[in-house]
Amino acid sequence: MISLVAVRPSLQKIITSISSTFDIEVAIFDSQYHLVTCTPNYLEQKGKSVHTPSLEEVLSCGNVLVNKPGHMKSCIGCRFKDHCPATIEILNCIKFQNESIGVIALTSFTKEGHDRLTENENAYLNILTEISDLVAMIALQKHKKDALIHLDKILQLVMDSSKSSLFVIDKDGFVTHCNHSALKLFSFCNLHTNSLYNILPEAIIEEILEGDMISKKYVKNEKFDIFISSSPIKTNHDFVGSVVRIEENKNLKENKKNIRGTDHQFSLDNMKGNSNTIQTLKIKVQKIAKSTSSVLITGETGTGKELLAKAIHYNSNRSDFPLISINCASIPESLFESELFGYEEGAFTGAKKGGKPGRIELAQGGTLFLDEIGEMPLFMQSKLLRVLQERTIERVGGIRSIPIDIRIIAATNQNLEELVSKKEFRADLYYRLNVIPLKLPPLRERKEDIEILAMHFLKKYNLKLDKRLIYFSSDALSSLKTYHWPGNVRELENAVEYAVNMEEENIISRNNLPEKILKSNCINKNELVIRKKIKNIEIEAIQGALDKYGWDVKGKTEAAKELGIGLRTLYRKLKAFEGTHE
């Protein structure tokens with residue numbers, strides 16, 4: 001059954017608009033005689049309960065004019081009989097395909113309103129009929145949308161119950177649905193923005209899109225070793241899509257379990273943005289990815305340094321070997337050495353039987369990512385330097401040198417050169433690490449990427465939070481673009497996640513962004529107003545001085561003296577003033 005309650009927020013906007021436009025009170029009731037929504041004055045005057053016989057009459061007749069409230073036949077039994085606060089009411093039935101789904105009422109509580117509605121009765125009835133049709137259409141769209149969402153949830157639950165990786169694609173190969181197994185198997189792709197062409201070889205895709213049924217076709221390349229099956233979806237004999245099932249080669253799956261760090265792969269596509277700085281950075285990564293040289297990534301907190309490190313690793317010749325990360329700020333100084341180098345059995349009290357390999361040893365053949373390298377203790381810096389020079393390690397309590405083959409990628413949000421000058425970071429280690437420097441720009445310096453990133457996070461949290469939001473309003477996007485983002489991309493992601501949680505409509509509105517962003521926008525606007533006022537005062541002072549001494553060279557010289565500025569500064573300000581009035 002179509003419900004008006006389900007679209008209450010939209011109806012509230014409609015009645016507010018009608019009320020302010022026609023200076024009239026509005027109320028909407030459902031077919032069960034419950035008040036769905038109304039203007040504040042209507043609620044104050046008449047309350048939530050309603051005289052049902054009057055609504056019954058409207059639902060059966062279509063529309064009713066009550067121009068003598070409290071004294072008409074339909075008012076018999078009403079608690080307001082003989083003393084109704086309303087002076088006039090026009091009620092109209094809300095219908096969809098001959099089904100009565102509610103009533104909308106225009107009401108006035110003043111004599112002026114009574115006279116206005118009485119004089120223009122037909123015009124208001126026509127308006128009310130159009131509004132009733134609009135309300136019915138909104139309710140129908142919501143009903144259809146809820147039905148589709150329900151079916152979509154059922155489909156997703158059925159797909160997620162399968163251990164195989166399942167995709168539903170349209171006739172062009174674009175992914176419309178996929179289950180958790182598919183997301184895990186193809187974690188190096190963005191399945192919600194890419195077509196099947198970005199995931200599987202073109203030859204097998206063409207075969208699928210021809211509408212043929214495929215049964216366990218074997219496909220192997222550098223990224224996966226799989227079996228593919230597909231079942232076409234047809235409507236009136238026309239191919240409209242396909243269900244694609246993908247199963248991993250079990251032998252390969254077992255081998256993968258023995259290789260740490262290869263379960264999550266990242267490509268350069270994970271670095272979202274079209275700004276020049278990001279595009280230049282991607283080109284650099286492509287050039288240096290296959291190198292063995294150390295990389296030092298710098299950038300503010302939240303700019304995505306770890307994501308960049310993963311992109312380098314998974315685009316390198318070491319991508320089939322582990323990427324081992326260690327956050328230098330999160331490990332107690334007393335445990336740092338054993339965590340990095342490992343230890344032998346009996347090396348210290350509580351040492352694990354058989355010993356334990358350290359992070360460096362676990363990264364053998366692959367990449368060691370040292371995040372927040374500026375927080376590494378000085379005594380550990382000297383030990384790491386020796387590893388880089390000798391390419392060997394010794395476990396704590398051990399006597400055997402273990403040769404290592406790893407690439408070092410370090411990252412920091414600190415100024416290491418400044419730390420070197422303060423003797424808080426070893427200069428020789430800094431130069432060993434800083435062979436290939438990469439700098440990630442803060443988000444405020446690449447505003448053109450904000451919309452791209454916001455849409456990426458919107459899709460991510462739509463899936464995670466089971467929402468169906470499609471875009472941001474222009475006001476919301478403007479607020480995101482004018483905010484200064486001290487927390488960079490990480491803060492933007494948090495803001496989008498917050499908005500997805502808060503928003504109840506299809507589009508994220510400005511009001512559902514975090515309070516911090518909204519307040520910042522207000523402050524920015526106030527600053528612009530203040531700056532404009534200051535500029536106007538400055539212009540008036542310069543004009544006044546020039547009017548006093550003259551606009552020739554001599555007059556400008558005297559005016560500059562009086563204003564306490566240099567003649568060159570005066571000319572520059574005048575030129576800027578002319579530019580604002582071109």
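## A buried glutamate and its tyrosine partner

A polar contact here is a pair of N or O atoms within 3.5 Å, where one must be able to donate a hydrogen and the other to accept it. In this predicted model, the side chain of glutamate 493 makes such a contact with the side chain of tyrosine 461, at 2.7 Å.

Where does glutamate 493 lie? Look in helix H18, which covers residues 488–502. Glutamate 493 has 16% relative accessibility, and the cut-off for buried is under 20%, so this glutamate counts as buried. Setting aside neighbours within four places in sequence, glutamate 493 is in contact with Phe457, Lys460 and Tyr461.

## The chain as a whole

Zooming out, the chain has 582 residues, and 43% of them count as buried. Its secondary structure comes to 21 helices and 21 strands.

Take the contacts between residues at least 6 apart in sequence: 62% of them join residues at least 24 apart. As for the surface, the chain exposes about 31,700 Å², with carbon and sulfur atoms supplying 52% of that area.

## A five-strand parallel sheet

One piece to find on screen is an open sheet of 5 strands, paired in parallel and ordered S12-S15-S18-S11-S19. S12 and S19 (436–439) are the edge strands; each has a single partner strand, so one side of each has no neighbour in the sheet. From one strand to the next, the twist averages 20 degrees.

At the S12 end, S12 and S15 run parallel and pair over 5 bridges. Serine 325 sits opposite phenylalanine 369 in S15. Helix H10 lies across S11 (295–298), S12, S15, S18 and S19, and runs at about 150 degrees to S11.

Between helix H10 (305–314) and strand S12 (323–327) comes a loop, and serine 316 lies in it. Is serine 316 buried or exposed? It is buried, with a relative accessible area of 6%.

A polar atom of the serine 316 side chain lies 3.1 Å from the backbone nitrogen of arginine 318. Leaving out residues up to four places away in sequence, serine 316 touches Ala289 and Lys290.

Which residues touch the most other members of the largest nonpolar core? They are Leu340, Ile360, Leu368, Leu370, Ile373 and Phe425, out of 32 residues in that core. Several elements each supply at least two residues, including S12, S15 (367–371) and S18 (407–412) from the sheet, along with helices H11 (333–341) and H13 (378–390). H13 gives the largest share, 5 residues.

Not counting residues up to four places away in sequence, isoleucine 360 touches Leu340, Phe341, Leu368, Val387, Ile393, Ile404 and Ile406. Of these, Leu340 and Leu368 are also on the list of residues that touch the most other core members. A second, separate core has 27 residues, among them Val7, Ile18, Val135 and Ala136.

Strands S1 (residues 25–30) and S2 (residues 35–38) are antiparallel partners, paired over 3 bridges. Isoleucine 28 stands opposite threonine 37 in S2.

The two strands form a hairpin, with 4 residues between S1 and S2. What is the phi of tyrosine 33 in that turn? For tyrosine 33, phi is positive, at about 70 degrees.

Key:
Residues numbered from 1 in each chain as written. Predicted model: local features only at pLDDT ≥ 70, side-chain atom pairs only at ≥ 80, totals over all residues. Heavy atoms only, no water. Pairing = 2+ DSSP bridges. Buried < 20%, exposed > 50% of the residue type's maximum accessible area, 1.4 Å probe, protein only. Contact = heavy atoms within 4.5 Å. Core = buried A, V, L, I, M, F, W, Y, C linked by side-chain atoms within 4.5 Å. Axes fitted to C-alpha atoms, helices over the stretch in contact; angles between N-to-C directions. Areas by Shrake-Rupley, 256 points an atom, 1.4 Å probe, with all protein chains shown as cover.
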